[in-house]
Amino acid sequence: MDYGQLLTDAWQIVWKNKFLFILGFLAALGATGGSGGNNLSYTFNPEDLPPGFESSFELFLDQYAAILSGLFCLIFLLIIAFWLIRLTAQAGLISAAARLADGEKVSLGDALGAGFSKLGRMIGIYLILYSPFILLGILLVVLALVLAGAAIGYELSNAAATFEPILASVSIIIACLSLLCCVLLPLLAAATIILPFAQRAAVLEDYGVTASIGRAWRVIKANLGEVAILVLLFLAISIGYGFAVAMIMVPLAFLAAVPAFISLVIDGTFGAGNFFALLCGSLAIGLLAALLNALWTTYRSATMTLAYRRLVEKAPK
């Protein structure tokens with residue numbers, strides 16, 4: 001495979017059909033990632049709490065429990081909605097890139113319609129490949145809620161005596177989950193590689209959900225060398241692009257936080273004006289980051305679609 005020509009062809013398709021960037025923006029919804037950590041530790045002491053904290057906290061829960069529950073439900077529904085929009089846009093990108101490569105005329109509406117027609121299969125493929133990780137995520141959420149409920153159920157005045165066994169249980173659970181995550185990492189890597197192939201099998205070759213996954217595996221197995229190079233190529237471009245984006249975003253984020261930080265250091269205050277300025281700056285930076293992410297998402301999808309069409313020629317049906 002001529003990888004240089006592949007990258008050039010994909011860029012020409014994307015650049016000549018800029019409506020694909022809208023699909024790329026939608027396809028990037030929720031596609032965030034990051035990591036971080038610290039080594040800070042703190043030993044809880046109920047004497048550190050301000051007087052009346054317990055009664056104020058209980059009063060807060062009594063007054064706003066229904067509102068908080070409603071907000072959590074709304075956030076959950078929005079996450080599901082964004083996920084469905086994302087899958088529709090991904091399928092639309094795949095269909096549009098293939099049809100444009102064949103010289104057809106495609107509009108944004110055509111692409112979205114094609115993507116929506118494959119939404120069921122996109123959902124099925126995703127759920128099958130990522131079911132172990134979805135179940136693990138649900139387990140973590142349930143566990144967090146149970147532990148939070150147990151902690152709140154204790155009287156804070158007795159927290160020094162009761163929090164030790166809770167923390168010990170949490171430590172054991174975290175250790176077990178960490179071991180489980182290490183075991184699941186190879187499976188996660190395999191699912192991440194198979195997913196784009198299975199999606200294109202469903203959209204471009206009209207395979208069903210399980211058949212798409214099988215087709216993806218046959219294509220990968222028949223082109224192991226090319227697939228490995230393709231994965232490394234995407235990884236290298238992603239790292240380089242991420243570094244370039246960071247060079248833009250980090251200074252902007254610093255500039256957005258400077259006024260509030262100066263006010264906090266000099267005056268020791270953080271007023272509504274500072275909060276509003278910081279909020280607007282954060283929203284602007286978030287929008288810019290989303291647009292930059294959409295550029296890479298669109299180009300990567302088009303490149304993968306063209307690569308898939310060249311790889312299937314060597315794979316058995």
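Ile22, Leu23 and Leu26 of H2 meet Leu108, Ala111 and Leu112 of H4, where contact means heavy atoms within 4.5 Å. By class, this contact holds 6 nonpolar, no polar and no charged residues. Ala, Val, Leu, Ile, Met, Phe, Trp, Tyr, Cys and Pro count as nonpolar, Asp, Glu, Lys and Arg as charged, and the others, Gly among them, as polar. Helices are DSSP runs (H or I, at least four residues), numbered from the N terminus.

This is a predicted model: local features need pLDDT of at least 70, side-chain atom pairs count only at pLDDT 80 or more, and totals for chains, interfaces and linings use all residues. Residues are numbered from 1 along each chain as its sequence is written, and side-chain values use heavy atoms, leaving out hydrogens and water.

H2 and H4 (residues 108–117) pack at about 35 degrees, their axes 9 Å apart. Axes are lines fitted to C-alpha atoms over the stretch in contact, and angles run from 0 to 180 degrees between N-to-C directions.

Leucine 29 sits in the loop between H2 (20–27) and H3 (53–101). Leucine 29 touches Phe82, Ile85 and Arg86, not counting residues up to four places away in sequence. Its C-alpha atom is 9.6 Å from that of alanine 89, 60 residues apart along the chain.

| Property | Value |
|---|---|
| Volume | about 390 Å³ |
| Largest share of lining | H5, 6 residues |
| Lining by class | 9 nonpolar, 1 polar, 1 charged |

A pocket is an open set of points on a 1 Å grid where a 1.4 Å probe fits, with protein on both sides within 12 Å along at least five of seven lines; lining residues have an atom within 4 Å of a point. The volume is the space filled by probe spheres set on the points. H3 and H5 (119–153) each supply at least two lining residues. The lining includes Trp83, Arg86 and Tyr126.

The whole structure has 6 salt bridges (a side-chain nitrogen of Lys or Arg within 4 Å of a carboxyl oxygen of Asp or Glu). One joins arginine 310 and aspartate 9 at 2.8 Å, N to O. Arginine 310 lies in H9 (residues 272–311) and aspartate 9 in H1 (residues 3–16), so the pair ties together parts 301 residues apart in sequence.
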